[in-house]
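Please look through the sequence and the structure shown here, and keep both in view while reading.

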Amino acid sequence: MIQVQNVTKAFAGKKLFEEVNTAFPPGRRYGLTGPNGAGKSTFMKILSGELEPDTGTISRPKRTSVLSQNQFAFEDWRVLDVVISGNKGLWDAMQEKDKLLAKADLTDEDGGRLGELEGIIAEEDGYSAEAEAATMLEGLGIFDADHNRKMRELTGGDKVRALLAQALFGKPTALLLDEPTNSLDLDSIHWLEEFLDKYEGTLIVISHDRHFLNEICTHIADIDYETIITYPGNYDDMVRAKADVRVRMESENADKMKRREQLQDFIARFSAGTRASQVQSRKKQLEKLSLADMKKSNIARPFIKFEQKRPSGKQTLTIEGLTKGFDGNKPLFKNFSMLITKGEKVAIVGRNGVGKTTLLKTLLGELKPDAGKAVWGHEAQIGYMPQDVKPVIPVGTTCFDYLHDIDATAGNEQIRGLLGRMLFRGDEGMKPTKALSGGEAVRLMFCKLMLEQPNILVLDEPNNHLDLESISALGEGLANYPGTVLMVAHDRDLIAQTATRIIAFHNGGVEDFAGDYETFLEKHGGKIEAIG
């Protein structure tokens, strides 16, 4: 059980939540939700003990496991050891045992201590620890060849996966996960869902993956109105319940406002007359008739509408015999051919590292193919959004000036309108680009694409750093876009909402599937890795 009592936290004068009282009992899986800036990660740090609240107390189980956000903390550790260290009691016992066994002469006291340590290791399933850790790593997409490597030899994404395995290892009583699906491909997310569905402790997870929250959550703890409100059910259940509560409160307040006006009118008309007793009665009724607390919601949803200045030709992209590999290794894709026509929405899916981003860069001409060619059609105008957008946004300028430099003919009102639609309101439009958060940088890139109005969008994981409301708005924007889309994504709801065609990478090659994502999954039993 995690218990929260009278917790308040504010930053820079902004109150995130006030006098929160709630509990997270075992056997429940909570999604911690709220828009960017609502305080989700702050609250998670308070729960873990990393951050102190302004007021209030937190009690947590001794075996509380937290997903580490420092991927460089274990650079010289073996990957398997990083995972096993997630069970601190087991890891400490194993380390102490190794030190004792390394001694030239063991005392009777040492022998007794070795017996105690053997008991701890056996009780914590230490003799199967490496096998269990290896299974977790495999499920998360780190395979056997990497298990005995040092952490510094792994890619950044694989380090994050190893730290996730560390958090999951050893059957913790409580589990706190902040964005665990970051750096995971679709099959690894599916494995994680199955693992968490069987987890029996208290789980609290932050995620911007709506499908993931719907799959695993039994409850939602939503940060809004300067407090945390718990709803039973998954994310979609919470959205419906929250809307119902808000509508009911507004309706009740409207009725109360009408009654207040009637009472005030009676008091004003007859206060000086002969109906003094009735006036006093109305005044007492008026005092009791308080409105429900209608604190302002911090949810803000952007409005994304991609348009095109003019359409492309019907044959948007022709790919013929395209092959690309690196350093003499097996090609990531070989002799790949397809024709993409105007208006198609193509989602590129597959495990991390199989070549999805490489394919995009080869199609764009950033990488030279080993063989074959990609030819863009007549009037093709491409708007590209890389996986990491911050390096392509210049520093030393503001959001407003950045957009004005892209299109000097755009009027000030047009640029302000675009910024406002992407939640840069008022003075926020003059925010220095070097100060942008990850989510703000992505939203500014959407402003750029909406300003340029290309007829082809090439997007590499465009949902990175976005909250759930923004991802939903992005899905609507792409679905309604009249142009052509090529998109790498791991968000299943985003793919399902937009894709009309799937390019799927797997160990045997690349599949071109003409159809939506749901039909694609039905064909392959729900897993990309099952493609044979």
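Arg 416 forms a salt bridge with Glu 413, and the closest N and O atoms of the pair are 3.0 Å apart; a salt bridge here is a side-chain nitrogen of Lys or Arg within 4 Å of a carboxyl oxygen of Asp or Glu. This is a predicted model, in which local features need pLDDT of at least 70 and side-chain atom pairs count only at pLDDT 80 or more, while totals for chains, interfaces and linings use all residues. Residues are numbered from 1 along each chain as its sequence is written, and side-chain values use heavy atoms, with hydrogens and water left out.

Because Arg 416 and Glu 413 are three residues apart in helix 13 (residues 412-421), about one helical turn separates them; helices are DSSP runs of H or I with at least four residues, numbered from the N terminus. Arg 416 is partly exposed, with a relative accessible area of 45%, whereas Glu 413 is exposed at 61%, where buried means under 20% relative accessible area, exposed over 50% and partly exposed in between, with a 1.4 Å probe and protein chains only. Salt bridges that share partners also join Asp 158, Arg 161, Asp 185 and Arg 351 into one network, and by this rule the count comes to 37 salt bridges.

Asp 92 and Lys 88 are four residues apart in helix 3, so they are separated by about one helical turn. Asp 92 is partly exposed at 37% relative accessibility, and Lys 88 is exposed, with a relative accessible area of 57%.

What does the salt bridge between the side chains of Glu 96 and Arg 113 tie together? The two side chains meet at 2.8 Å, N to O, and because Glu 96 lies in helix 3 and Arg 113 in helix 4, the pair ties together parts that are 17 residues apart in sequence. Glu 96 is partly exposed at 30% relative accessibility, and Arg 113 is partly exposed at 28%.

Helix 3 (residues 88-101) and helix 4 (residues 108-123) pack at an angle of about 150 degrees, with their axes 9 Å apart. That makes helix 3 roughly antiparallel to helix 4, a term for angles over 145 degrees.

Methods:
Axes are lines fitted to C-alpha atoms, for helices over the stretch in contact, and angles run from 0 to 180 degrees between N-to-C directions. Helices (H or I, at least four residues) and strands (E, at least two) are DSSP runs, numbered from the N terminus. Angles under 35 degrees count as roughly parallel, over 145 as roughly antiparallel, 65 to 115 as roughly perpendicular and the rest as oblique.
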